[in-house]
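Hello,

Here is the structure for you to look through. My notes follow below it.

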Amino acid sequence: MASRVLDVLKYMKLQKLNLPILLEALSWTDETLISDENARYHRTQLLQSEELPLILRNWHQPPRQHGKGVRTKAAKKAMVTWAASTLSSTIKKEMTALKPLMRNSPCDRASAAAPMFWSLLRQAACTPAQEKKNTYKSPDSTMLLIFGMLSFSRSQQSCKLQKLLTVYFKSCALPTKAFDTLHAVGITMSQKTAYRLVRHLSDTAHKALLRDVESYSVLGCHDNLNIAHKVYEQRLNNQSHFDSGTAASITVLKAPDVVPPDPNAARLKRAEGTQNPITALDIYKMEAEAAPRLHQLYIYEVLRVLFDAPDFSFQSYDGRDDSILNPPPPTEPLPTGPEFRTHHYMLDTMHIDEASYEGNYRVLTSCWRQIGVFTLHDRIKLSTTAILLWVGDQLTVARLRGLKCYRSQDLNSFQRMDFIRELFGWFHLEIAFENSLHKQYYGTRAGFGLVHDFDVLKRKGLHSPSIKGTFHQNLRDALRHIAEARFRNLWTTVGKVKSLNELRKKTPSQLHTIAQSIVDDFASTAALVRHTERPRKRQDDVWYRSVQFNRDILPYLTLDKVLSSGDVGTMKDCLPTLTFRFVGGGNGNYKVEMLETIQGLKREWPEDLQRFITHHGWLVNPSGQPNSFISIDLNEEHDVRNLKDVFGLIGAYATWENIGAMSASIPCQQRVKDHIVQQLNHFSRGKTHTSPAHEPDVQRLQATYETGRIHKMTPGRRLDGTAIAKDFVGIGSATKKLVKAVEKWVKNRTSTYADVENWDTSAD
């Protein structure tokens, strides 16, 4: 090989040729050699040969000869210069190809639009060892951000990624200084643009709402919003103050099972029903029909306490698949799935205090404008062709009902607000239930009242009922833990075992029998009646109070469960028991709400309106997933929290005008926030805090109950007056008390409504 190469070189010298001249001539510089078949053949043979990569590599960096002196430079400088020029040209073309993507929606298509640049960045972002080791972490997000920053530097119109990150950081309450820094390095837009984007999102949400209002049924909700405005330099016109406003929202009902009710039939049925109010007998009948279904739910609730106990270890229990241990089927479940997901819009927050009748009227007037009711034609269409459900807390519902009563003889259905059906929120009802239990069973430490349990658990801030802060969550947790400890104690008492682990030897049928015995003998009105029939000297006040608490806590636990599972049939079954509780406990406000709801179900709501209200006016499902239902007023409380804390404005921007302009964008901001977290941050942090383990608390309570023998009859044990809990349900279900409550409610409610339709066009 070497001799033949040397012979060729000698021949080239004779022809006055060298390698540079030869290669230049073959490289499309000589017209004759471009078309010559022999030259074309040898040129193609060189350029398509397998040896060419080795040739170029050796030209760039020849093999080093050790001990021979200075390393040969070869063609490294020329080749590096050529490679840099070629790479620069390729990157420019790829950055131009990226421009449409960065103006519309940056995604994984960026790697296909700029494969060379993407490959270079990946090699720069990962060492070979990392490429092999990392199976979960990927540098793709970092590389996409680099693409976005470079595209934004080339053109401010290529800023889709920056806009997305701007909305994300704005939703995370990023300080202005941090925004300025990130904008300077090309990661986000400016702070000024952030507020412009939020306003644009609000405008887009308003337009989408108006389109949906034209096509679908909707329901509304509003609640008060209290904001503390703080200043750091006081002046006459710059003082810290506490201000009140109103947050409102519209839920668009797009589920396939939505059937709008007939408004004319609803008006006729209401007119008929107002002349035929319910009686105490109707409530008793409703309670009797619901009792068997609730009894089965109570039994399963007692079983669930055992199943959740670590000592029992249900997952390894041999009879865990027995059908007798399955939960009872739901009475009237709501459907789930992506198509049943709630479509929620927030309206502009209003600087209106809604505590008064006038305030509520102004709030409704503002809401009508925001959903596109401007002209006389719009008012006629709204008030005569649809039924609008409006949800709120008890005060809001009472104010709306009072407004309708006051305007019941006005000239047309819009002024009379005939098209509105005001509904209480079940979240606030649950709070009222908790406060009623707190009032009833607070008791004394010696009498094993709630105050005793709070002290044992060291739960602070639960000694006085409140509707502010975390009181609801803390009381809810405490009641559930107390109930769990009590029913665990009953399992060992009735099952005649020392520990729950021994119950694993029981068959499923035996466990179900024990659970039924617990409900019938230690958590029922019948057990209380049997005890009161005993001679006084053989009665045990501590045992009686414990059984009464067990009976009253089961409806609370059941209601709490069905609110999340979406069983509206069981929610209806709970109404009579709740009525007895609020009548006996002296809660006149929620007594009225219970009676109004039963009146609607039994007298004033046609079947289509009943289904519309119970299936779409009580609960919503933001995700469409099973066991993810929440009450509508709780959803509104989430909006209030977002306005005040999560997406709240601070400083000079925290004016009512800016808060109102930002409100409608919050659902979209939340979706952007969730999207970014899912794409970039899903491997490091969740969306919720982990709840501390409550097992030590339950075990501690269970030990005190065992020591106090609260479920073991000890004749002669007495409690003084402050330790004895009144039987709210027993008092409220007494015929005389219930009849009087119903008669008072009938006397105070509106019984006649005008039915004229006199539309004064001059007032439009």
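Start with helix H13 (residues 191-215): it lies across strand S1 (217-229), S2 and S3, and runs at about 125° to S3. Helix H31 (residues 656-663) also packs on the sheet, touching S1, S2 and S3, and its direction makes about 150° with that of S1.

The model is predicted, so local features need pLDDT of at least 70 and side-chain atom pairs count only at pLDDT 80 or more, while totals for chains, interfaces and linings use all residues. Residues are numbered from 1 along each chain as its sequence is written, and side-chain values use heavy atoms, leaving out hydrogens and water.

Some terms. Helices (H or I, at least four residues) and strands (E, at least two) are DSSP runs, numbered from the N terminus. Contact means heavy atoms within 4.5 Å. Angles run from 0 to 180 degrees between N-to-C directions, with axes fitted to C-alpha atoms, for helices over the stretch in contact. Two strands pair if DSSP finds at least two bridges between them.

Now the sheet. Five strands form an open sheet, in the order S3-S2-S1-S4-S5, with mixed pairing. Strand S3 (343-346) and strand S5 (420-424) are at the edges with a single partner strand each, so one side of each has no neighbour in the sheet. From one strand to the next, the twist averages 25°.

S2 (residues 241-253) and S3 run antiparallel, joined by four bridges. Val252 stands opposite His343 in S3.

Last, Trp59 is in helix H5. Trp59 counts as partly exposed because its relative accessibility is 44%; buried is under 20%, exposed over 50%, and partly exposed in between (1.4 Å probe, protein chains only).

Best wishes
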